[in-house]
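Me: Could you walk me through this protein chain in plain words? I'd like to take it step by step.

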Amino acid sequence: MIAGRLSHNKWSVTANPFGTLYDPISIERNISNSLSDQPISDALLGQREDVVFHYYYHSDLSALSLPILSNIIELAHEQTKSSILNADWIVLTYGSTIVYKHKELGEMVANCHKVPQNQFDKEMLTQRDVRSSIQNTIECIRKVNPNAQFILTVSPVRHLKHGMEQNMLSKSILRLACEEIVNRNKGTIYFPSYEIMMDELRDYKYYKQDKVHPAAEAEDYIWDTFKTALVDENAIKFIEQWDEITRALQHRPMHVASKAHQRFLKETLMKLEELSSEIDVTKERAQLQSQLI
């Protein structure tokens with residue numbers, strides 16, 4: 001959610017190149033493999049009907065043939081490496097300490113890909129496991145980008161398929177591990193997205209209908225808190241300007257050729273020109289120019 005808001009406001013963002021990953025070890029493994037240019041392990045490939053997948057990645061990274069899947073994964077690794085090498089800030093969001101180990105392969109998987117549950121053993125990572133994994137991730141990144149700064153956060157999305165008790169225990173382990181990491185590492189801070197959801201927004205009206213994911217109002221609240229805590233004054237001013245332009249771009253006139261709308265287009269184009277030295281407005285400019293008479 002935060003990544004989407006940052007991207008919308010013209011930050012350069014790479015979000016979830018391997019699809020959504022929940023546990024610290026899966027995140028660590030894919031970052032480490034990307035930075036060390038490790039080839040994918042064919043042993044972890046699987047197939048369900050005609051869909052080919054890999055157990056290290058989310059089902060977003062799947063295909064109808066192995067060559068296509070290999071290309072998708074390779075591009076994800078390249079994108080991850082390039083983004084990490086050039087990043088100022090890296091946000092690590094952890095969702096759960098509950099993991100699944102494939103019985104036959106003996107490997108912890110990032111996603112079960114709807115393979116029957118009896119092929120996996122469910123485990124819960126310890127606080128030590130989580131702390132070690134997050135620390136390894138930070139150290140791995142700092143070897144190639146020593147100036148990178150980190151924001152750790154625990155996802156407010158509830159993993160209720162494991163039951164309320166295990167969900168709360170899992171989140172608690174993540175939170176304690178993050179606290180230890182922040183205390184041990186300079187340039188590392190914690191953003192309380194989970195706590196905001198549990199404390200300040202403690203009402204089911206702030207969840208979507210599934211009672212698992214934050215609703216739009218909750219997302220707005222968390223984003224506003226993130227901005228206030230972590231975004232500088234100049235960037236906030238830009239966000240306000242960009243929100244105004246975004247609303248203008250979403251405007252749908254009844255009469256495109258009317259004098260009022262044509263004047264509105266030219267005024268908005270002028271605002272875009274003022275920002276063009278700071279950000280790429282090519283797409284937005286083309287959208288407006290296409291309506292000029």
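This is a predicted model: local features need pLDDT of at least 70, side-chain atom pairs count only at pLDDT 80 or more; totals for chains, interfaces and linings use all residues.

Me: Is Asp 220 buried, exposed or partly exposed?
Reply: Take the cut-offs of under 20% for buried and over 50% for exposed. Asp 220 has a relative accessible area of 37%, so the label is partly exposed.

Me: Which residue forms a salt bridge with Asp 220?
Reply: A salt bridge is a side-chain nitrogen of Lys or Arg within 4 Å of a carboxyl oxygen of Asp or Glu. Here the closest N and O atoms are 2.8 Å apart, and the partner of Asp 220 is Arg 5.

Me: How many residues apart in sequence are the parts that Asp 220 and Arg 5 tie together?
Reply: Helices (H or I, at least four residues) and strands (E, at least two) are DSSP runs, numbered from the N terminus. Asp 220 sits in helix H7 (residues 216-230) and Arg 5 in helix H1 (residues 2-8), so the parts that this pair ties together are apart in sequence by 215 residues.

Me: Which residue is linked with Arg 5 and Asp 220 in a network of salt bridges?
Reply: Asp 220 and Arg 5 already form a salt bridge. The network of salt bridges links Arg 5, Asp 220 and Glu 219.

Me: Where does Lys 10 lie?
Reply: Glu 284 forms a salt bridge with Lys 10, with the closest N and O atoms 3.0 Å apart. The pair links distant parts of the chain, 274 residues apart: Glu 284 is in helix H10 (residues 282-289), and Lys 10 is in the loop between H1 and helix H2 (24-35).

Me: Which helix holds Glu 273?
Reply: The side chains of Glu 273 and Arg 285 meet in a salt bridge, 2.8 Å from N to O. This pair ties together parts 12 residues apart in sequence, because Arg 285 lies in helix H10 and Glu 273 in helix H9 (residues 259-275).

Me: Which residues does Trp 89 touch, not counting residues up to four places away in sequence?
Reply: Trp 89 lies in strand E4 (residues 89-94), and at 43% relative accessibility it counts as partly exposed. Contact means heavy atoms within 4.5 Å. Leaving out residues up to four places away in sequence, Trp 89 touches Gln 149, Phe 150, Ile 151 and Ile 189.

Me: What separates the C-alpha atoms of Trp 89 and Gln 149?
Reply: Along the chain, these two are 60 residues apart. Their C-alpha atoms are separated by 4.8 Å.

Me: Is Ser 193 buried or exposed?
Reply: Ser 193 is found in helix H6 (residues 193-200). Among its contacts beyond four places away in sequence are Thr 153 and Ile 222. At 8% relative accessibility, Ser 193 counts as buried.

Methods: Residues are numbered from 1 along each chain as its sequence is written. Side-chain values use heavy atoms; hydrogens and water are left out. Buried means under 20% relative accessible area, exposed over 50%, partly exposed in between (1.4 Å probe, protein chains only).
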